[in-house]
Amino acid sequence: MPEGDTVWQAAKRLHRALAGRELIRSDLRVPAHATADLTGRAVLEVVPRGKHLLTRLEGGLTLHSHLGMEGSWKIYTPGERWRGGPGHQIRAILGTAGPTAVGYRLPVLELLRSSDERRAVGHLGPDLLGPDWDPDVALANLLSDPSRALGEALLDQRNLAGVGNVYKSELCFLLRATPWLAVGALPQEAAESLPVLAKRLLEANREQPARSTTGRRAPRLFVYGRAPRPCLRCGTAVRVADQGDGSRERPTYWCPGCQTGPTPRYRDSTYAGRNAGAPAPRAPAAAPSSPLTSPSAEPSRE
């Protein structure tokens, strides 16, 4: 799923394909901009901002897009068959005499003045992969609501921009805290290491074709998608449950053996069965010093 690292990669591919080229075809298939004609304008640059993409065009215009859960931008050479999905899922076409960029299933697509970009992305916190990154501001944002669940705080792009559901689960594992632990309950050392860990993980993966938080080719992730397989660190079965702010629930993974904190009251019988018998809470330990290698005490349990 698109998170800060994959959006950074998408921006890099789009920039390489379009920057400096004049558009000879434009088609924005959303009602608000269906009549907009961008042909004749050169693409100046494509830059990421958290999970958002900003395609800046000659004449002071910016095409703002967001990939959501299923969106993507595909690049095609002249004559190449488009394979990103059926035609009715296309939301944008930006064509040059060379490559053509096609946006599929984009939940957000808007054309705005470049001077108005703050209206689209000004609410975002420091970008983990951006020039505005400031770990102190990110930490202050996260701690501004100490009673909020850690997982929810990490997903709130107003706190820091770029963390999605995968990195949320992986960061909580590295911090040895469940995603339901209140942010304010994190030990000071773990809290202070959180922005550093998040940046290190995304930076390590922004140039990689396949995301890894373990530093291995397999398994690539510590807990995300691994329920009910054994934890790589302690061997306890990894659990999964939904977490959200009430507007959207997302599958969330954790190890009850080495992550401390509250866990949800299970309404779903499948989740209830998977999460029975969790051990009593312990004080969460500080994050491992090297998050891209497996914790020292964990032989592979695959």
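How many bridges join S6 to S7? In this predicted model, in which local features need pLDDT of at least 70, side-chain atom pairs count only at pLDDT 80 or more, and totals for chains, interfaces and linings use all residues, S6 and S7 run antiparallel and are joined by five bridges. Residues are numbered from 1 along each chain as its sequence is written, and side-chain values use heavy atoms, with hydrogens and water left out.

Helices (H or I, at least four residues) and strands (E, at least two) are DSSP runs numbered from the N terminus, and two strands are taken to pair if DSSP finds at least two bridges between them. On this basis, S6 and S7 belong to an open sheet of four strands, ordered S1-S6-S7-S5, in which the pairing is antiparallel. Strand S1 (25-28) and strand S5 (72-76) stand at the edges with a single partner strand each, so that one side of each is left without a neighbour in the sheet. Neighbouring strands of this sheet are turned by 20° against each other on average, direction ignored, where axes are lines fitted to C-alpha atoms, for helices over the stretch in contact, and angles run from 0 to 180 degrees between N-to-C directions.

Within this sheet, S1 pairs with strand S6 (residues 90-95) in the antiparallel sense over four bridges, and Asp27 stands opposite Ile93 in S6. S6 and S7 form a hairpin with four residues between them, and the bridge partner of Ile90 in S7 is Tyr104. Five of the five residues of S7 are buried (under 20% relative accessible area, with exposed over 50% and partly exposed in between, for a 1.4 Å probe and protein chains only), so S7 is largely enclosed by the rest of the structure. Thr100, Val102 and Tyr104 point one way from S7, whereas Ala101 and Gly103 point the other way.

A further open sheet of four strands has the order S2-S3-S4-S8, again with antiparallel pairing. Its edge strands are strand S2 (43-49) and strand S8 (108-113), each of which pairs on one side only. Strand S3 (residues 52-57) and strand S4 (residues 61-66) pair in the antiparallel sense over six bridges, with Leu63 in S4 as the bridge partner of Thr55.

Helix H1 is placed against strands of both sheets. H1 (residues 4-18) lies across S2 and S3, running at about 175° to S2, and H1 also lies across S5, S6 and strand S7 (100-104), running at about 35° to S5.

The contact (heavy atoms within 4.5 Å) is made by Pro135, Leu139 and Leu142 of H3 and by Ala191, Glu192, Leu194 and Pro195 of H6. Leu197, which is found in helix H6 (residues 188-205), is buried, with a relative accessible area of 3%. The C-alpha atoms of Leu197 and Leu171, which lie 26 residues apart along the chain, are separated by 7.4 Å.
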